[in-house]
Number of protein chains: 2
Amino acid sequence: MAAQRPRRQPTLDEVAERAGVSRSAASRVINKAPHVSRATRDAVERAIKEMGYLPNRTARALATRQTGIVALAVSHDDPELFADPFFAQVIVGVSAALEETDLHLLLCLASSGRGRSRLTNLLHTRGVDGIMLMALHGDDPLTHIVRRAGLPAVYGGRPLNFEPQWYVDSDNLGGARLATEHLIGLGRTRIVTITGPMSTDVGRARHRGYREAMIMAGLTPYATAEGDFTETGGAAAMKSLLDSHPDLDAIFAASDDTAAGALRVLLDAGRSVPADVAVVGFDDLGMAERTDPPLTTVHQSVQALGREMTRMLVDLIAGHEPSSIILPTKLVLRDSA
Amino acid sequence: MAAQRPRRQPTLDEVAERAGVSRSAASRVINKAPHVSRATRDAVERAIKEMGYLPNRTARALATRQTGIVALAVSHDDPELFADPFFAQVIVGVSAALEETDLHLLLCLASSGRGRSRLTNLLHTRGVDGIMLMALHGDDPLTHIVRRAGLPAVYGGRPLNFEPQWYVDSDNLGGARLATEHLIGLGRTRIVTITGPMSTDVGRARHRGYREAMIMAGLTPYATAEGDFTETGGAAAMKSLLDSHPDLDAIFAASDDTAAGALRVLLDAGRSVPADVAVVGFDDLGMAERTDPPLTTVHQSVQALGREMTRMLVDLIAGHEPSSIILPTKLVLRDSA
DNA sequence: GGACAAACTGGAAGCGCTTCCAGCGAGATT
DNA sequence: AATCTCGCTGGAAGCGCTTCCAGTTTGTCC
């Protein structure tokens, strides 16, 4: 036998019989429904205690059409992307928020076609009560799938080409502006930026923040190179910027990984940071403290992102009409700028 | 309305009616059961296609007593621990393995008492078909909970004080031995180790590997300091070792984080790595490539760990009797040793 | 061509719970 | 004392599926 044979769990019928009441009465006390006399309640509660009764999730789900499960779907072509600490933080936030409910978390890494069709199936077979979506790019088929399934859905971050009705996002625009303004405040003028992928909303928003801050300060955006949020991407972009604009004196990197790559290239090129070149990153997910020099960066609270997504979804499931949220970002000063 | 009202999914009854057969016949063709004539099958399949029928998960679960969901529980006092890239890798492995089945993954971060009781409840209410457990320390209540629930369970790593019947673990002992032997092969003799927490099996196994290798080589274990797998822990341990054994010439650190902390302290103390002191770490989860100098370390395949746990659990659920697995580790040479 | 087995079929009984509804008695009202 | 509430109760009908079983059809063999 694969596992110790469990004693069969008692059923509601058995509890009711033991308490000497009908099944419906027993059900009522369990669900704290009204119209239950004190005596009935006591009898049922005693029976429950004595028998160690726990209502069967599945049966309840069938009757109520509510599974008590919500999905968190991470959609991306590269499953390795999930290894980004970002998602771990989201999950910590989601879990924390879920602990205050009696919902559980189903995690779907829907990268491959297979993964996506499994998810589709899950949604259509009413396997979950709602879904949180993350890391969608452009016209991810998932958006259509989810819409078609007609399930409560909240987005973490915004997809590029449509604004979901319910989403939670970090203030990427504001954060990027903050970073750039800080650089400007330092007296730097030849400020360049290494962006994230311009095929994502995050990438674009952070770039726009940079541009806006520059222009507001009467400066012209000095140079831009597209990165991909990774360290190697950042290094490559840095090299080309150093080639084309050797006199640059500050960098806003759209992620800390990007900044780390840039940092490495700068040091190799003999520039000192922050003396010759000031660097500001974005994210502040641990990595920023470990670079040399430690990175001044824009902090976003990813746990809060997860937490708020969850609360929003719970609201939605409860039939309320929450409104989307933009979470504030803030500048964290370290040594690189 | 919180979400677009979904068209009600057709039921099996409706499919059967449309196909002009009984519900049981329809059920049989869906489940590919025997005793179905060609004509019946065709009719039902056509109806299914036409109506876009998908069997309701919950109803099926109630009838079969199988939910189609497995849990991955991460138990630890500190929810932040989950941010360790280790778990992300496990999850990637688990997901990959699950994609070949029609099971879904429920993730439980059961750190708090509340989290644990939610998990207990989930198990007892038959909310999942099986469970994978990770990061248990000492006498985690979870072990009892799981045993009592009588559900198929596999462990990732071994708890300290009992050997689970089904587990997957990395060859920590062998890996540590490999690392130490490498150091010995380099001609080092005053080799010290910074361990993980000795209250964990991993911590002890890696320590034992170090000792065994030393003794086999006719050396005496030179010095040991207990760390906690973190960078700061590693740094602290390194400091005390440097105090007590200033002439040490090599270090086996029980994790890459630990090694990174040690590295920092060594460089600050003016020792050059690997010239003065050779350093070997353990894990190889990305961080090892980014230290300065890059870390020679023992690689463990965490995705494989997740994958094998999952396969084992699937086997168990299918009623087979798999056997536990120790996954090989291997030395990865970089610059630090 | 009749008997027998094999293949197929639909009815019905679950799985364990929620919830609607009609009925019942006790307290309040005149 | 007769009536009217109103709170409480249990019966029964679901939720959507699987599966056992007995009965019917079909095919096969002598």
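The exercises below go from confidence to DNA, then to a helix, the chain contacts and the strands.

This is a predicted model, in which local features need pLDDT of at least 70, side-chain atom pairs count only at pLDDT 80 or more, and totals for chains, interfaces and linings use all residues. Residues are numbered from 1 along each chain as its sequence is written, while chains are lettered from A and ligands numbered from 1 in the order in which they are written.

**Exercise 1. Find the pLDDT average of chain A, and the stretch where pLDDT stays under 50.**

Start with the term: pLDDT is the predictor's confidence in each residue, from 0 to 100. Chain A averages 93, and 98% of the residues score at least 70. Next, go to residues 1-6 of chain A, where pLDDT stays under 50.

**Exercise 2. Describe the surface near DNA strand D.**

First, a residue counts as near a strand if its C-beta atom, placed from the backbone, lies within 6 Å of it. For DNA strand D there are 28 surrounding residues, and the closest are A:Ser22, A:Ala25, B:Leu12, B:Ser24 and B:Ala63.

Second, look for the elements; helices (H or I, at least four residues) and strands (E, at least two) are DSSP runs, numbered from the N terminus. Helices 2, 3 and 4 of chain A, with helices 2 and 4 of chain B, each supply at least two residues.

Third, sort by class: Ala, Val, Leu, Ile, Met, Phe, Trp, Tyr, Cys and Pro are nonpolar, Asp, Glu, Lys and Arg are charged, and the others, Gly among them, are polar. The surface near DNA strand D then has 13 nonpolar, 11 polar and four charged residues.

**Exercise 3. Work out which residues of helix 4 of chain A are buried and which exposed residues lie on the face turned away.**

Count neighbours first: a residue is buried if 20 or more other C-beta atoms lie within 10 Å of its own, exposed if 12 or fewer, and partly exposed in between, with C-beta atoms placed from the backbone. The buried residues of helix 4 of chain A are A:Arg57, A:Thr58, A:Ala61 and A:Leu62. They sit on the same side of the helix because they cover an arc of only 130° around the axis, the arc being that of the directions from the helix axis to the C-beta atoms. An α-helix has 3.6 residues a turn, so residues three or four places apart point the same way. On the face turned away from the buried side are the exposed residues A:Ala63 and A:Thr64. Finally, the cover over the buried residues includes helix 4 of chain B.

**Exercise 4. Describe how chain A touches chain B.**

Two residues are in contact if their C-beta atoms, placed from the backbone, lie within 7 Å. By this rule, 51 residues of chain A are in contact with 50 residues of chain B. Helix 5 of chain A gives the most to its side, with seven residues. By class, that side of chain A has 26 nonpolar, 16 polar and nine charged residues.

**Exercise 5. Trace the strand pairs of strand 2 of chain A and strand 10 of chain B.**

Two strands pair if DSSP finds at least two bridges between them. Strand 2 of chain A pairs with strand 2 of chain B in the antiparallel sense over three bridges, and A:Leu106 has B:Leu106 as its bridge partner. Within chain B, strands 9 and 10 run parallel, joined by four bridges; B:Val280 is partnered by B:Thr296. Strand 10 of chain B also pairs with strand 12 of chain B, in the antiparallel sense over four bridges. Four of the five residues of strand 10 of chain B are buried.
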